[in-house]
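Here is a briefing on one protein model. Keep the sequence and the structure in view while reading.

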Amino acid sequence: MSHQFHHRAEDLIRHNGGKVTAGRVGILAILLAEQQAITHREIEQRLPQTLQLDRVTLYRVLEWLAGKKLIHKVSSDDRVWRYHANRDVQSHQHAHFKCTGCAQVICLDTLPVERNWPLPAGYRFQEIELTVKGLCASCC
């Protein structure tokens, strides 16, 4: 994996006031290098031999990164969380596309997600989860 992703991961973690650990940097670098959201298992498989983490530690790092808004979790009807690096740390309000053939999940950053829906009195908007399902180019 490129040193570019490792340096970017270190900078993002440091900028967010976090301790720069090998686990945080390694996992964030993997997610920065990915074009699509990937599962915990896929992250585990991509970790280098020198950075093998137990599952609990891996989950804790993912939760820490999500809490700092450096990554986001994508829920899915197959009950498997997928993770992707945020391109814009300020907000993660965009749609996702899930291929019903191969289960690939990608972010649809350019698909506008309406945020000003009229809610009942006393209700407050927090977030939107929108998943478009269909077949990816490889499965068509």
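**Briefing: loops, helices and overall layout**

Leu119 sits in the loop that runs between strand S5 (105-108) and strand S6 (131-134). The model is predicted.

- Leu119 counts as partly exposed, because its relative accessibility is 43%.
- Leaving out residues up to four places away in sequence, Leu119 touches Arg124 and Phe125.
- Thr21 is 98 residues from Leu119 in sequence, and the two C-alpha atoms are 42 Å apart in space.
- Leu111 is also found in the loop between S5 and S6.
- Leu111 has 35% relative accessibility, so this residue too counts as partly exposed.
- Ala95, Leu130 and Val132 are touched by Leu111, again not counting residues up to four places away in sequence.
- Leu111 and Ala95 are 16 residues apart along the chain, with their C-alpha atoms separated by 6.5 Å.

**The loop between S3 and S4**

- Asn86 lies in the loop between strand S3 (82-85) and strand S4 (95-99).
- Is Asn86 buried or exposed? Asn86 is buried, because its relative accessible area is 9% and the cut-off for buried is under 20%.
- The side chain of Asn86 reaches two backbone oxygens: that of Lys69 at 2.8 Å and that of Ile71 at 3.4 Å.

**Helix H1 against helix H2**

- Two packed helices are described by the angle between their axes and the distance between the axes.
- For helix H1 (residues 3-15) and H2, the axes come within 8 Å and cross at roughly 120 degrees. That angle makes H1 oblique to H2, because roughly perpendicular covers 65 to 115 degrees and roughly antiparallel starts over 145.
- The crossing of H1 past H2 is right-handed.
- On the H1 side, the contact is made by Phe5, His6, Arg8, Ala9, Glu10, Leu12 and Ile13. They meet Arg24, Val25, Gly26, Leu28, Ala29, Leu32 and Ala33 in H2.
- By type, the residues of the contact of H1 with H2 are 9 nonpolar, 2 polar and 3 charged.

**Helix H2 against helix H4**

- Helix H2 (residues 22-33) and helix H4 (residues 55-67) have axes that come within 10 Å and cross at roughly 70 degrees. H2 is therefore roughly perpendicular to H4, because that class spans 65 to 115 degrees.
- H2 passes H4 with a right-handed crossing.
- Which residues of H2 meet H4? They are Gly23, Arg24, Ile27, Leu28 and Leu31, and their partners in H4 are Leu58, Val61, Leu62, Trp64 and Leu65.
- The residues of the contact of H2 with H4 comprise 8 nonpolar, 1 polar and 1 charged.

**The whole chain**

- The protein has 4 helices and 6 strands.
- Along the sequence, the pattern reads α-α-β-α-α-β-β-β-β-β.
- The C-alpha trace spans about 50 × 40 × 25 Å along its principal axes.
- Of the 140 residues in the protein, 37% are buried.
- Among contacts between residues at least 6 apart in sequence, 49% join residues at least 24 apart.

Technical notes: Residues are numbered from 1 along each chain as its sequence is written. This is a predicted model: local features need pLDDT of at least 70, side-chain atom pairs count only at pLDDT 80 or more; totals for chains, interfaces and linings use all residues. Side-chain values use heavy atoms; hydrogens and water are left out. Axes are lines fitted to C-alpha atoms, for helices over the stretch in contact, and angles run from 0 to 180 degrees between N-to-C directions. Helices (H or I, at least four residues) and strands (E, at least two) are DSSP runs, numbered from the N terminus. Angles under 35 degrees count as roughly parallel, over 145 as roughly antiparallel, 65 to 115 as roughly perpendicular and the rest as oblique. A crossing is left-handed if the near helix is turned anticlockwise from the far one by less than a right angle, and right-handed if clockwise. Contact means heavy atoms within 4.5 Å. Ala, Val, Leu, Ile, Met, Phe, Trp, Tyr, Cys and Pro count as nonpolar, Asp, Glu, Lys and Arg as charged, and the others, Gly among them, as polar. Buried means under 20% relative accessible area, exposed over 50%, partly exposed in between (1.4 Å probe, protein chains only). A polar contact is a pair of N or O atoms within 3.5 Å; within protein, one must be able to donate a hydrogen and the other to accept it, and residues adjacent in sequence count only if both atoms are side-chain atoms.
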